[in-house]
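Please prepare a briefing on the helix packing, the aromatic pairs and a few loop residues of the model shown here.

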Amino acid sequence: MEMQREQLPFTAQDIAEVIGVEKTMELVRGKQKTKCRSLYVPSPSRMKSSHWLVQTIGEEAARELSQEYAGEPLTIPKCSSVIKLERNKRIIQMRQQGVRYQAIADALGMNVSAVKMVYSRWMHAQSRNSVTYKSNTGIA
């Protein structure tokens with residue numbers, strides 16, 4: 001299921017309106033690696049292929065962002081809840097594909113107990129939903 005713009009924080013929605021949700025999330029992930037949340041956006045004529053923005057989201061999206069926000073400092077939101085939701089979905093998908101906990105933890109930079117916790121909470125929620133569905137429909 002693809003993420004919708006409305007699922008993002010308001011500041012990220014504004015950016016997504018210009019470059020789309022996928023490129024906005026690439027920008028958010030790129031800024032996670034740095035401590036600074038703000039970004040100076042150069043004008044299109046000063047946007048070089050070596051600029052961090054071009055390297056992170058691609059030339060076309062960087063130029064679109066530059067046309068909208070040129071010369072302005074832009075604060076990139078953390079989108080923590082969205083990032084966590086994406087990560088949890090990936091854990092569940094990988095487990096359903098038979099990937100071992102340790103491999104998932106290594107791939108996502110997490111510890112094994114955290115991966116197991118995410119998956120067990122999801123399994124618990126699934127079993128609760130199944131029981132509720134069965135009791136509401138009379139299915140045994």
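Rings of Phe, Tyr and Trp (for Trp, its six-membered ring) pair if their centres lie within 6.5 Å, with planes under 30 degrees apart counted as stacked, over 60 as edge-to-face and the rest as tilted. By that criterion the structure holds 2 aromatic pairs. This is a predicted model, in which local features need pLDDT of at least 70 and side-chain atom pairs count only at pLDDT 80 or more, whereas totals for chains, interfaces and linings use all residues. Residues are numbered from 1 along each chain as its sequence is written, and side-chain values use heavy atoms, with hydrogens and water left out.

**Aromatic pairs**

- The rings of Tyr101 and Tyr119 have their centres 6.4 Å apart and their planes at 70 degrees, so this pair is edge-to-face.
- Tyr101 lies in helix H6 (residues 101–108) and Tyr119 in helix H7 (residues 112–137), so the pair ties together parts that are 18 residues apart in sequence; helices here are DSSP runs (H or I, at least four residues), as are strands (E, at least two), and both are numbered from the N terminus.
- Tyr101 is partly exposed, with a relative accessible area of 23%, whereas Tyr119 counts as buried at 12% relative accessibility; buried means under 20% relative accessible area, exposed over 50%, and partly exposed in between (1.4 Å probe, protein chains only).
- Ring pairs link Tyr101, Tyr119 and Trp122 into a cluster.

**Helix H1 against helix H4**

- Helix H1 (residues 10–19) and helix H4 (residues 59–69) pack at an angle of about 120 degrees, with their axes 9 Å apart; axes are lines fitted to C-alpha atoms, for helices over the stretch in contact, and angles run from 0 to 180 degrees between N-to-C directions.
- That angle makes H1 oblique to H4, given that angles under 35 degrees count as roughly parallel, over 145 as roughly antiparallel, 65 to 115 as roughly perpendicular and the rest as oblique.
- H1 passes H4 in a right-handed crossing; a crossing is left-handed if the near helix is turned anticlockwise from the far one by less than a right angle, and right-handed if clockwise.
- On the H1 side Asp14, Ile15, Val18 and Ile19 meet Ala61, Glu64, Leu65, Glu68 and Tyr69 in H4, where contact means heavy atoms within 4.5 Å.
- The residues of this contact of H1 with H4 divide into 6 nonpolar, no polar and 3 charged; Ala, Val, Leu, Ile, Met, Phe, Trp, Tyr, Cys and Pro count as nonpolar, Asp, Glu, Lys and Arg as charged, and the others, Gly among them, as polar.

**Helix H2 and its partners**

- The axes of H1 and H2 come within 7 Å and cross at roughly 125 degrees, which makes H1 oblique to H2.
- H1 passes H2 in a right-handed crossing, and Ala12, Ile15, Ala16 and Ile19 in H1 meet Val21, Lys23, Thr24 and Leu27 in H2.
- The residues of the contact of H1 with H2 divide into 6 nonpolar, 1 polar and 1 charged.
- The axes of helix H2 (residues 21–32) and H5 come within 11 Å and cross at roughly 100 degrees, which makes H2 roughly perpendicular to H5.
- Met25, Val28, Arg29 and Gln32 in H2 meet Val82, Ile83 and Glu86 in H5, and the residues of this contact divide into 4 nonpolar, 1 polar and 2 charged.

**Loop residues**

- Cys79, found in the loop between strand S2 (73–75) and helix H5 (80–96), has a positive phi of about 55 degrees although it is not a glycine, and at 4% relative accessibility Cys79 counts as buried.
- Gly71 has its place in the loop between H4 and S2 and is partly exposed, with a relative accessible area of 42%.
- Gly71 touches Tyr40, Val41 and Pro42, not counting residues up to four places away in sequence; Gly71 and Pro42 are 29 residues apart in sequence and 5.4 Å apart in space, C-alpha to C-alpha.
- Pro44 lies in the loop between strand S1 (38–40) and helix H3 (52–57), counts as partly exposed at 31% relative accessibility, and touches Arg63, Ser66, Gln67 and Ala70, not counting residues up to four places away in sequence.
- Arg37 lies in the loop between H2 and S1 and, leaving aside its neighbours within four places in sequence, is in contact with Val28, Lys31, Gln32, Leu74, Thr75, Ile76, Pro77 and Lys78.
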